[in-house]
Amino acid sequence: RTLTFSTIPDVEEGDVICIWNPTQGSWFAERTNYYAGEYVRVAAVSGTTVSLQNALTATYTAASINLYRCTNFHTARYQGFTILGLQNTSSFGFSAKYLIDSTLQDVKVVGSGNACFSFGFAYNCSILCCSAQEDHTSQFGTDYALSIGNSQSINVKSGYYSASRHGVAIGGGAGVGSVVNRYITVSDCTILNSASMTGADAHSNSEFVTFDNCTIENGLSLGGINNRITNNVFRGNNYIAQYLTGLKGMSFLFDGNYVEVGDYAVATWGTLFDVSGNLPTGFDPDTTEGGDFVIQNNTFVWNITGDRQDEFLKFMNRGANPTGVPCNVYIKNNVFRIGTATGKAVPGSIRVVDGRSYGTIEISGNHFIGLGGFGINHDVSPNFSADRVYITDNRVINSGGIGFDVRDVRDRVVIKNNEIIGCKGVASRVQGRTGARTKTVHVSGNTFIDNLLVDTGLSTTNVDAYITEADFVLCHDNFVGSENVFLILS
């Protein structure tokens, strides 16, 4: 919690210092304007040592950074007025930069042709009970209700944000002090949009950003690392529900959300949840950090009107090789279901196109109704998709495809205590490859009823469990309630 200077610095207790690395892409190489840096506040000065009120979020080398005392910032309180914006113009409604310890409260902007509220280079500020209604004509690329850029420790609460593009957008630009967006919380807000894109957006220069207890139309687009999406309601009919790209690392939490999508799909996307499935970039060689990607305690509803071959969830590594901790994926205690009386969808996928294999993949305690479960594989043989896969305590009912199709796992696959009923494909398949065999497979305590194996390249017989290219197989105490062959070993 200290900074050491070569000479006695001209700062005192309470001053805010901006740490900024001027090298393009110094925080994240995906874009040149993603610069490393952050704000810190001085607690005390003793000679050349400056003690800080807050610990540093990142580490820096002295030769790579510039330090700035924030003397041109100001503190203000804006409260209780309405701005009538200029429609069909590039004018912002309310624009402010270089704020510290400031508050915007009970302010309303109506009809702005460009962003209603625009904040940049701000530290420790609150935006409370505000309302923004952009003119819903998307003309300038920044037609947002609320835009926050290169800011830290911002609290947005109890607002209404409606725009043609994103209702709330977190990003920024270049220039001295263009730090990473950190510790930004958006809570208890209504976020709406009318264009074919997500209602909320946080660019890849975002870390420790939280959206909590909001109502968000047409989903969320998200990048960066260490961000949290909790307890929100996502509804809409014309875009992907959760769309992640530009990932610096793989530490994310999605917990306790309700997500509903209409009769909408794009063939190359995961409609309910997409991680780099739609583009050749996103989870790619620029992704340098692993971590735990957690999707838990959510309800996902897809209101399709007929059978779909589109995946509900798509998770694809397109070349990331994180050093140290791998990417681990945990999908736990969710409900994934078709929300209409008719219609089925194929399973989701967790794949490696290129790059390092996943560490642990756990799929547990989920309910898949009319869709699901999952396919796991590496696209290029012989390579491993993951070190370990645990599929336990799930229920898959009437899927438009397989139950679980697990391929190319290095150490172990455990499929236990699942109920898989009425799927259009095999209930469970574990498949190694020559040169990439799975060491251990354990299948036990499952219930398999009325499933099909439609891949006649593997077998012409309907089968519930298919295991191939594994060194050790333990299969016991499973219940089969159909005329299928239970087990084929190959």
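Strands β8 and β9 (residues 117-128) pair in the parallel sense over 3 bridges. Two strands count as paired if DSSP finds at least two bridges between them. Strands themselves are DSSP runs of E, at least two residues long, numbered from the N terminus.

This is a predicted model, in which local features need pLDDT of at least 70, side-chain atom pairs count only at pLDDT 80 or more, and totals for chains, interfaces and linings use all residues. Residues are numbered from 1 along each chain as its sequence is written, and side-chain values use heavy atoms, with hydrogens and water left out.

Start with β8, residues 103-112. Of its 10 residues, 7 are buried, so the strand is largely enclosed by the rest of the structure. Buried means under 20% relative accessible area, exposed means over 50%, and partly exposed lies in between (1.4 Å probe, protein chains only).

On the β9 pairing, Thr103 stands opposite Ser126. Strand β6 (residues 77-84) also pairs with β8 in the parallel sense, over 7 bridges. There, Leu84 faces Val110 of β8 as its opposite residue. Strand β10 (residues 131-134) runs parallel to β8 too, joined by 4 bridges. Val109 has Ala132 in β10 as its bridge partner. In a regular strand, side chains alternate between the two faces of the sheet.

**Pocket and cavities**

A 1 Å grid is laid over the protein atoms alone. A cavity is a set of points where a 1.4 Å probe fits but cannot get out. A pocket is an open set with protein on both sides within 12 Å along at least five of seven lines. Lining residues have an atom within 4 Å of a point. Grid points are joined across faces, edges and corners, and a volume is the space filled by probe spheres set on the points.

| Space | Volume | Lining by class |
|---|---|---|
| Largest pocket | about 410 Å³ | 10 nonpolar, 13 polar, 3 charged |
| Largest cavity | about 40 Å³ | 6 nonpolar, 3 polar, 2 charged |
| Second largest cavity | about 30 Å³ | 6 nonpolar, 3 polar, no charged |

Nonpolar covers Ala, Val, Leu, Ile, Met, Phe, Trp, Tyr, Cys and Pro; charged covers Asp, Glu, Lys and Arg; the others, Gly among them, are polar.

The largest pocket has a volume of about 410 Å³. It is lined by 26 residues, and the closest to its centre are Ser118, Ser147, Gly149, Gly172 and Gly173. Strand β9 gives the largest share of this lining, 4 residues. β7 (94-100), β9, β11 (146-149) and β14 (168-171) each supply at least two.

The structure holds 2 cavities of 30 Å³ or more. β8 and β9 each supply at least two residues to the lining of the second largest cavity. Its lining includes Tyr78, Thr103 and Ser126. Again β9 has the largest share here, with 4 residues.

The largest cavity draws at least two lining residues from each of β22 (233-236) and β25 (258-261). One of its lining residues is Tyr239.

**A look at Tyr239**

Tyr239 sits in the loop between β22 and β23 (242-247). Its relative accessible area is 15%, so Tyr239 is buried. Contact means heavy atoms within 4.5 Å. Leaving aside neighbours within four places in sequence, Tyr239 is in contact with Ser196, Met197, Thr198, Asn218, Val261, Tyr264 and Trp269. Ile369 lies 130 residues from Tyr239 along the chain, and their C-alpha atoms are separated by 22 Å.
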